[in-house]
Amino acid sequence: RYSDTKNIVLVDDIAFNDKFSTILSFSNSWFQSNVINKNTGKKTKTYDKNGQSYAVSFVYKPIENLNLYTTYADSISDEQSSYTFPNSHPRRGEMIVIEPIRSKQYELGAKARIGEIDLQAAVFEIKRPVAYLVGSGANAQYKIQGTQRNRGFELTTGGKLVDNLSVYGGFTLLNAKIKNAKDGVSEGKTVIGEPKFQANVLFDYVVPNTNKLAFTTNFHYTGKRYIDNANAHSVDGYFTTDIGARYTTKNWIGKEATIRF
């Protein structure tokens, strides 16, 4: 399967005075999805749709370096538009395609700058249709089965701790529930694969007196996730750690280049 998406986006930032402003956005998206039969090479169009998305934000700046905002967004996407049965399934290789879905988001947040550190905090709610596999064997179906309601809190930060050391990171608390479930099992349950807690922190250290050589370390944690609609089984949370280095030079190709490892 391959999909083709085209977008036109319009955005306007309007300042009423020094303290109040609004950000308005509108987009039109065109979605086209095609499935190619591996055996015959025949292409079949599964959908050809278009839709509008829009968002509005109101921003209040009570003092210098502090912005309070509220946002509403209504958007369309095709991010969960297909499912392919695995090789272990009687219908192995068969693909089911659903049309683009629409989501609504409400967000209330604050952005602040303290010295060299940027802080952002937000509470949010997102509602969208959720598709998943129901049933087993040849009668299994993948289709819209209810509404996914995400409620959460997010905190992010980034900036310089000292001249040569910067930090970027944050965490997310997420309550992702299924509402209006059609299968009689998933109502009120946590969405498959959605952790209730995630955290990330990255340190970036530039070797003094070089401005060329730097080292990075990134720590990430993902919490426990459920693997079935009834939330009877789950997988444990896990940590990952990335380490890296970069070097900036003009000597290798004549222009400034950055080499990363």
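**Figure 1. Pairing of strand 12 with strand 15 in the predicted model.** Strand 12 (residues 213–222) and strand 15 (residues 238–249) run antiparallel and are joined by 10 bridges. Within this pairing, Leu213 stands opposite Tyr247 of strand 15.

**Figure 2. Pairing of strand 15 with strand 16.** Strand 15 is also joined to strand 16 (residues 257–260), again in an antiparallel arrangement, through 4 bridges. Arg246 faces a residue of like type here, standing opposite Arg260 in strand 16.

**Figure 3. The second largest pocket and its lining.** The volume of this pocket is about 200 Å³. Its lining comprises 16 residues, and those nearest the centre are Glu79, Ser103, Ile126, Arg128 and Asn150. By class, the lining residues are 5 nonpolar, 6 polar and 5 charged.

**Figure 4. Strands that contribute to the second largest pocket.** At least two lining residues come from each of strand 4 (66–77), strand 7 (101–114), strand 8 (117–134) and strand 9 (141–162). Strand 7 makes the greatest contribution, supplying 5 residues.

Figure 5. Buried residues make up 29% of the 261 in the chain. Among contacts with a separation of 6 or more, 51% are between residues 24 or more positions apart.

Technical notes. Residues are numbered from 1 along each chain as its sequence is written. This is a predicted model: local features need pLDDT of at least 70, side-chain atom pairs count only at pLDDT 80 or more; totals for chains, interfaces and linings use all residues. Side-chain values use heavy atoms; hydrogens and water are left out. Two strands pair if DSSP finds at least two bridges between them. On a 1 Å grid over the protein atoms alone, a cavity is a set of points where a 1.4 Å probe fits but cannot get out, and a pocket is an open set with protein on both sides within 12 Å along at least five of seven lines; lining residues have an atom within 4 Å of a point. Grid points are joined across faces, edges and corners, and a volume is the space filled by probe spheres set on the points. Ala, Val, Leu, Ile, Met, Phe, Trp, Tyr, Cys and Pro count as nonpolar, Asp, Glu, Lys and Arg as charged, and the others, Gly among them, as polar. Buried means under 20% relative accessible area, exposed over 50%, partly exposed in between (1.4 Å probe, protein chains only). Contact means heavy atoms within 4.5 Å.
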